[in-house]
Amino acid sequence: MGRSVSIDLRIPGLRSNVHRVLCALLETGWSYDDDGHINYLPVGDRGDFDWQWADLDRWPDVLAAIKVKEERGEIVGISLIHEETGAGGEFLLDPREELLMICLTINTRDIRTVPRFVDFTWYLERLVPAISRAGFTIECVECCQH
């Protein structure tokens with residue numbers, strides 16, 4: 001049986017700073033290199049979650065699309081992988097709700113002594129400092145495993 005694992009972070013001020021939060025994550029060990037590609041939601045994707053793939057050298061184009069999505073108030077979606085471990089998933093940044101939603105789908109980290117239970121602390125230790133250093137506070141954290 002599969003499992004669904006997610007982390008939601010409410011970040012006041014995300015509304016006009018999606019790009020800043022994303023850059024803060026990229027500067028602290030997260031990468032958009034998802035097995036040699038960039039996996040992202042294109043401009044105009046209004047809840048269809050029609051993920052697109054782009055070659056790594058297309059990052060400037062993907063970044064431009066992210067800025068357009070931010071301006072339009074669309075959900076920005078990109079797969080991010082932690083460079084040290086290969087753990088990651090789909091990061092959804094919703095400027096209207098000021099919410100970062102992360103679906104942990106790639107090499108999910110479990111607690112070493114309790115297999116099949118996600119080590120949420122490992123993820124939070126790599127997310128919260130990056131967001132805080134970028135000048136944002138986190139109002140609420142919700143971790144969920146089904």
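Which residues touch the most other members of the largest nonpolar core? The views below take up this core, the strand pairing, a loop glycine, the cysteines and the confidence.

This is a predicted model, in which local features need pLDDT of at least 70, side-chain atom pairs count only at pLDDT 80 or more, and totals for chains, interfaces and linings use all residues. Residues are numbered from 1 along each chain as its sequence is written, and side-chain values use heavy atoms, with hydrogens and water left out.

**View 1. The largest nonpolar core.** Leu25, Phe91, Tyr123 and Leu127 touch the most other members of this 36-residue core. Such a core is a set of buried Ala, Val, Leu, Ile, Met, Phe, Trp, Tyr and Cys residues joined through side-chain atoms within 4.5 Å. Buried means under 20% relative accessible area, exposed over 50%, and partly exposed in between (1.4 Å probe, protein chains only). Elements giving two or more residues to the core include helix 1 (18-26), strand 6 (88-94) and helix 3 (120-133). Helix 3 gives the most, with six residues. Helices (H or I, at least four residues) and strands (E, at least two) are DSSP runs, numbered from the N terminus.

**View 2. Around Leu25.** Contact means heavy atoms within 4.5 Å. Beyond its neighbours within four places in sequence, Leu25 is in contact with Trp30, Leu80, Phe91, Leu127, Ala130 and Ile131.

**View 3. Strand 1 and its partners.** Strands pair if DSSP finds at least two bridges between them. Strand 1 runs antiparallel to strand 10 (residues 140-145), joined by six bridges. Here Asp8 has Glu142 as its bridge partner. Strand 1 also pairs with strand 7, again antiparallel, over five bridges. Ile7 stands opposite Ile102 of strand 7.

**View 4. Gly29 in its loop.** Gly29 lies between helix 1 and strand 2 (30-31). Gly29 is buried, at 15% relative accessible area. Not counting residues up to four places away in sequence, Gly29 touches Ile81, His82 and Glu83. Gly29 and Leu127 are 98 residues apart in sequence, yet 9.7 Å apart in space, C-alpha to C-alpha.

**View 5. Cysteines without a disulfide.** The structure holds zero disulfides (pairs of cysteine sulfur atoms within 2.5 Å). The closest cysteine sulfur to that of Cys140 is in Cys143, 9.7 Å away, so too far for a bond. Cys140 is partly exposed, at 39% relative accessibility. Cys23 is partly exposed too, at 22%.

**View 6. Confidence along the chain.** pLDDT is the predictor's confidence in each residue, from 0 to 100. The chain averages 94, and 99% of the residues score at least 70. Confidence is lowest in strand 9 (residues 114-118), at a mean of 89, and highest in strand 1, at 98.
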